[in-house]
Amino acid sequence: MLDKLQAIEDRYLELESMLGDPSVVANVERFTKVTREHSSLETVVEKFRTYKKICINIDEDKSVLDESDDEELKAMASEELSALRKEKELLEKEFPILLLPKDPNDDKNVIVEIRGGVGGDEAALFAGDLFRMYTRYAERQGWKVDIMDSNPTTIGGFKEIAFAINGYGAYSKLKYESGAHRVQRIPVTESSGRIHTSAVTVAVLPEAEEVDVVINPNDLRIDTYCASGAGGQYVNRTETAIRITHLPTGIVVQCQDEKSQLKNKEKAMRVLRSRILDAARQEQSDAIAADRKNQVGSGDRSEKIRTYNFPQDRVTDHRIGLTLHKLGAVLNGELDEIIDALITADQAKRLSSQ
């Protein structure tokens, strides 16, 4: 373990040197890549350096106990030695988690797709609630949200909405949100006060870069059409909306949120690349395909990963048995407690499998 930690520190120092190299600084793409890798190693290196200092201090205190005749000095050394050993033990327990293999997609931006499942208009309204929840969470993280495509309903909410969240490490935190989200509440349109149960599906895909997926232009069928919904007369009489079909896979994406056909095409291609990459990963691994099926499912209420119960002011994540009684705060984007618990559970599972 210590050899691995030393190798990480050596790489960190190498990256630090590269960040001062004018040739690296001049290359924006390379500089960004080096900066991100350097940043990703910082926590491990800081803890390893702390560990090495503790080991040195432990040896010094042992020497005092073995060689000194000063009883007061020995008492101080003994007290400090006890505290240092506890600190060293805590770090040694933390290192296996820090050394777990990193998901290569963790640093990437994400494409989030939310779709109303069981529940009709009420599901669409809750899809809107979840979109606002993720938007506010992204704002708290300093990330940027960019709507790719949306299908709003007349009473508010969305039948479906796709959006990008751009920010370093977005996938590392949001990947746990894939699945069916169930809501239990009294709809505004319900006169008898009965609680209704609806479901919404969320899919979180790491955004694929152009180097990840090479798309042959001849494999694409691109259709243009007049955008529908909000946007005024301009979007309704001009063919700005784009629908792209990837013929080899049959994947279809569309975008109509921008007034520019070119911008809609750019956004649609971002979604298409991510879906193609996701489909390729599924084909390569039965395990990944099975995991995704379990996460996203069909949108039925029974395939839930989380329940939002309004009458009880309760949020329950069924995968880890976590229940919080602060529904309003969660829907306002305060997701850290849930996401941190999911990350911890995932780490424990991966440690036990090693």
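**Figure 1. Arginine 185 and the ring of phenylalanine 310.** In this predicted model, arginine 185 places its charged end over the ring of phenylalanine 310, at 4.8 Å from the ring centre.

**Figure 2. Overview of the protein.** The chain contains eleven helices and eleven strands. Of its 354 residues, 40% count as buried. The protein exposes about 19,200 Å², and 49% of this area is supplied by carbon and sulfur atoms. Among contacts between residues at least 6 apart in sequence, 62% join residues at least 24 apart.

**Figure 3. Aromatic pairs.** The protein has five aromatic pairs. One of them joins tyrosine 51 and phenylalanine 95 in an edge-to-face arrangement, with 5.4 Å from centre to centre and 80° between the planes. Tyrosine 51 belongs to helix H3 (residues 28-67) and phenylalanine 95 to helix H4 (residues 71-98), so the pair links distant parts of the chain, 44 residues apart. Tyrosine 51 has a relative accessible area of 6% and therefore counts as buried, the cut-off being under 20%. Phenylalanine 95 is also buried, with a relative accessible area of 0%. Elsewhere, ring pairs link Phe131, Phe158 and Phe163 into a cluster.

**Figure 4. The largest nonpolar core.** This core has 37 residues. Within it, the residues with the most contacts are Ile114, Leu130, Tyr134, Ile165 and Tyr308. Several elements each give two or more residues to the core, among them strand E1 (110-116), helix H5 (121-141), strand E3 (158-166), strand E5 (196-206) and helix H11 (336-353). Helix H5 gives the most, with nine residues. In soluble globular proteins, nonpolar side chains tend to be buried together.

**Figure 5. Surroundings of tyrosine 134.** Tyrosine 134 is one of the residues with the most contacts inside the largest nonpolar core. Neighbours within four places in sequence are left aside in this view. Beyond them, tyrosine 134 is in contact with Ile114, Phe163, Ile165, Leu174, Glu177, His181, Val202 and Leu335.

Figure 6. A separate core of 20 residues includes Leu205, Ile242, Met269 and Leu272.

Key: Residues numbered from 1 in each chain as written. Predicted model: local features only at pLDDT ≥ 70, side-chain atom pairs only at ≥ 80, totals over all residues. Heavy atoms only, no water. Helix = DSSP H or I, 4+ residues; strand = E, 2+ residues; numbered from the N terminus. Buried < 20%, exposed > 50% of the residue type's maximum accessible area, 1.4 Å probe, protein only. Contact = heavy atoms within 4.5 Å. Areas by Shrake-Rupley, 256 points an atom, 1.4 Å probe, with all protein chains shown as cover. Phe/Tyr/Trp six-rings, centres within 6.5 Å; stacked < 30°, edge-to-face > 60°. Lys NZ or Arg CZ within 6 Å of the ring centre and 35° of its normal. Core = buried A, V, L, I, M, F, W, Y, C linked by side-chain atoms within 4.5 Å.
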